[in-house]
Amino acid sequence: MNLADALLLPQDDLALAVALKSPLFGLGEDDLFKLAWQRKGSLRQALDHHAATDGKFEGALRRLQQCERHLATETPFAFYAWLLGGDGGRARILRRLGHEANDALDEFLELALNYERKAPASLQGFVAWLRTADLEVKRDMEISRDEVRVMTVHGAKGLESSVVFLVDTTTSPSDTQRLKLIHLPQGNAAPHAPGVVVWAGKKADDPAVVAAARATMLGETEHEYRRLLYVAMTRAADRLVVGGCMPGNMNTVRKFSWYDLITKGLANSGLQLQELETPNGAVKRYARPEDFSASEGAAVASPTTAPIELPSWLQTPARPEAAADSLLRPSDPADDEGQFVRTGESIALRTRALQRGTLVHRLLQVAARCCDRTPRRSRATIPCT
């Protein structure tokens, strides 16, 4: 969308800077600083100036000029399809952001195609529609992929996976969250009514009311801690792996931590225990008796699959399509009115036209401002055209 803004309005330096720093162009912070620092004109003019002496800027300018040429003759969907496909933009985005960006790119192209079905195919209209439309796209996290998803317990709510790892189970909120403010309830007020807030000093100096409020807040924190444990354990469909590191200032696992609660719960669950010795220490495995017998009786052989040979045509670039016949559009100029201004074609005329448009726009602004400042009685006699 920022690339579209930069193409529609070359003076939009911020939009062009965002586009140049994106994977589509691949410029970094230092490159952008070199362009923007102490420039005399717009960022686009600075890019034209540095492209003459720097190959990296020359490549970015050449790609930007290609975007301008495609934008002049193609619809929004065709333009973005070329940008992501023919120009290799999708591959560059995936190299930086990962394959999950495919979902967003596919949805973006789908929106561009749907827009052309119900409105005139203009890039400016499409971008304006995107910014004003109330769109919400959600990724289906239940789709199985060959990947490891790292997320918090809150983010994993409602999801399920065959194997789940709990890697931080030996800490607790009391290890990292220190009470700074203690909320004191107001007498007989409602349970959730706002009360008085006091600074949490030393426990030894707490009055009885403050000590009771501190204990209540700690109890609520521990309750939420146990509730999240239930959410975390129930995300696993087949296997749950519980791990953690020993606290540095303790010889045993902290009492009432997730690891301690899980160990006590499994010990009283009636599941069969199997201890495995590994180079990193003993591993305790809890499972149902029938699961142990099934795993011991069946020898699992590692499958060997032959490497897949890709056909040669898959890596061969497609031949360019033949140019279509010239199409007549009502908005096209007549034969004697010239053609679209192309990059590198009549730069002086293009610059003069831009200057004339800027001056006319400024003149209209000044005229409108003069009309606003005219006294109410004299507005009927002074034309503001």
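Start by colouring the chain by pLDDT: this is a predicted model, and the protein chain averages a pLDDT of 81, with 81% of the residues scoring at least 70. Now select residues 377-385, where the pLDDT is below 50. Beyond near neighbours in sequence, this stretch makes 5 contacts in the model.

Next, switch to a cartoon view of the whole chain. You can trace 14 helices and 6 strands along the protein chain. How much of the contact set with a separation of 6 or more joins residues 24 or more positions apart? Such pairs account for 54% of those contacts in the protein chain.

Of the 385 residues, 23% count as buried.

Now for a look inside. Rolling a probe the size of a water molecule over the atoms shows where empty space is left. The structure holds 1 cavity of 30 Å³ or more, and the largest cavity has a volume of about 50 Å³. To find the spot, select Ala6, Leu7, Pro10, Leu16, Arg44, Leu64 and Glu68, the residues that line the largest cavity.

Finally, colour the lining by residue class.

Definitions and conventions: Residues are numbered from 1 along each chain as its sequence is written. This is a predicted model: local features need pLDDT of at least 70, side-chain atom pairs count only at pLDDT 80 or more; totals for chains, interfaces and linings use all residues. Side-chain values use heavy atoms; hydrogens and water are left out. Helices (H or I, at least four residues) and strands (E, at least two) are DSSP runs, numbered from the N terminus. Buried means under 20% relative accessible area, exposed over 50%, partly exposed in between (1.4 Å probe, protein chains only). Contact means heavy atoms within 4.5 Å. On a 1 Å grid over the protein atoms alone, a cavity is a set of points where a 1.4 Å probe fits but cannot get out, and a pocket is an open set with protein on both sides within 12 Å along at least five of seven lines; lining residues have an atom within 4 Å of a point. Grid points are joined across faces, edges and corners, and a volume is the space filled by probe spheres set on the points. pLDDT is the predictor's confidence in each residue, from 0 to 100.
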